[in-house]
Amino acid sequence: MEVLDHSLVTVHAGQYAKNGRQDCGDSYFFTSTDDYFICVVADGLGSGKYAHEASQAVCAAVEENKDEDVNQLMERANQSLLKKRGAAVAIIKIDYAARRVTYSCVGNIRFYFYSEAGKLTYPLPVTGYLSGRPQQYKTQSFEYEDGASFLIHSDGLQITRVRPLLQSGRSIDYISTYLDSIVSDSDDTTFIIGRLP
């Protein structure tokens, strides 16, 4: 479990390879500056070495260019996959001063954002995957308030009731422990759970 404990965001991440293999086909990167939080999850097609290579290329491209906007980062991610196996990719950027979340996704990665007032936002991704070919991105943006929580996960995690899980009475420790307990080894799995104080 990887933990980020920043004054403006707390994040826990879990990652598990299919059937306990050495190479996980999923990769992720996240960090927080004093201005923004950035997160990318990439799910390489299939599993094993080449899926891992593809998803790692995406995360490296985002990490190297993290100050750019989400549309630019999606294009960087797409270009990183030229001559590699494709990947489902989701990028989230949270601007603390503007109190704004910007999100873009191509492929089967799920993102939920829950406000303390009880509103659950679930932006729909674009179907398909990135592979270096020209691609349309659907980037969405919305404002948030204090006490919001978010969850992003690859399709290896099967979860049906997200709203009660993200309610503010539940700690990030509790949520990440619960998610850890329901992971199956039948697919590569990544989840990232966070809270904005």
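Guide: Two strands count as paired if DSSP finds at least two bridges between them. The model is a predicted one.

Visitor: Which residue of S8 does Phe 113 stand opposite?

Guide: Strand S7 covers residues 110-114, and strand S8 covers residues 120-121. The two run antiparallel and share two bridges, which meets the cut-off of at least two bridges for a pair. Across this pairing, the residue of S8 opposite Phe 113 is Thr 121.

Visitor: In the hairpin of S7 and S8, which residue takes a positive phi?

Guide: Five residues lie between the two strands of this hairpin. The phi in question is near 105°, and the residue that takes it is Gly 118.

Visitor: Is strand S7 largely enclosed or largely open, and how many of its residues are buried?

Guide: A residue is buried when its relative accessible area is under 20%. Strand S7 is largely enclosed by the rest of the structure because most of its five residues fall in that class. The count of buried residues in S7 is four.

Visitor: Which residue of S10 is the bridge partner of Tyr 114?

Guide: Strand S10 spans residues 149-153 and runs antiparallel to S7, with five bridges joining the two. In that pairing, Tyr 114 has as its partner Ser 149.

Visitor: And which residue in S11 stands opposite Phe 150?

Guide: S10 also pairs with strand S11, residues 189-195, in the antiparallel sense and over five bridges. The residue of S11 that faces Phe 150 across this pairing is Gly 194.

Visitor: What are the edge strands of the open sheet?

Guide: The open sheet has six strands, paired antiparallel in the order S1-S2-S11-S10-S7-S8. An edge strand here pairs on one side only, and this holds for S8 and for the strand of residues 2-6. The edge strands are therefore S8 and S1.

Visitor: Now the charges. How many salt bridges does a search of the whole structure find?

Guide: The pairs are Arg 76 with Glu 68, Asp 146 with Arg 99, and Glu 143 with Arg 100. The total for the whole structure is three.

Visitor: Is Glu 68 buried or exposed?

Guide: Glu 68 meets Arg 76 in a salt bridge at 2.6 Å, N to O. Arg 76 has a relative accessibility of 37% and is partly exposed. The relative accessible area of Glu 68 is 18%, under the 20% cut-off, so Glu 68 is buried.

Visitor: How many residues apart are Asp 146 and Arg 99?

Guide: Their side chains meet in a salt bridge of 2.1 Å, N to O. The pair links distant parts of the chain, as Asp 146 lies in the loop between S9 and S10 and Arg 99 in the loop between S5 and S6; the separation is 47 residues.

Visitor: What is the N to O distance between the side chains of Glu 143 and Arg 100?

Guide: Glu 143 is exposed, at 58%, whereas Arg 100 is partly exposed, at 29%. The two side chains meet in a salt bridge, and the N to O distance is 3.2 Å.

Visitor: Which residues form the negative surface patch?

Guide: Patch residues need over 30% relative accessible area. One member lies in strand S5, residues 87-95, and is partly exposed at 35%, so it clears that cut-off. The residues of the patch are Asp 34, Asp 35, Asp 67 and Asp 95.

Visitor: What is the phi of Lys 83?

Guide: Most residues other than glycine have a negative phi. Lys 83 lies in the loop between helix H2 and S5, and is exposed, with a relative accessible area of 87%. Its phi is positive, near 65°.

Visitor: Where does Asn 19 lie?

Guide: Asn 19 likewise has a positive phi, near 50°, and at 45% it is partly exposed. Its place is the loop between strands S2 and S3.

Visitor: How far apart in space are Thr 177 and His 12, C-alpha to C-alpha?

Guide: Thr 177 belongs to helix H4, residues 172-182, and is exposed at 52%. In sequence, Thr 177 and His 12 are 165 residues apart; in space, C-alpha to C-alpha, the distance is 9.7 Å.

Key
Residues numbered from 1 in each chain as written. Predicted model: local features only at pLDDT ≥ 70, side-chain atom pairs only at ≥ 80, totals over all residues. Heavy atoms only, no water. Patch = residues over 30% accessible without salt bridge, like charges linked within 9 Å, V, L, I, M, F, W, Y side chains within 5 Å. Areas by Shrake-Rupley, 256 points an atom, 1.4 Å probe, with all protein chains shown as cover. Salt bridge = Lys/Arg side-chain N within 4 Å of Asp/Glu carboxyl O. Lys, Arg positive; Asp, Glu negative; His and termini not counted. Charge placed at Lys NZ, Arg CZ, Asp CG, Glu CD. Buried < 20%, exposed > 50% of the residue type's maximum accessible area, 1.4 Å probe, protein only.
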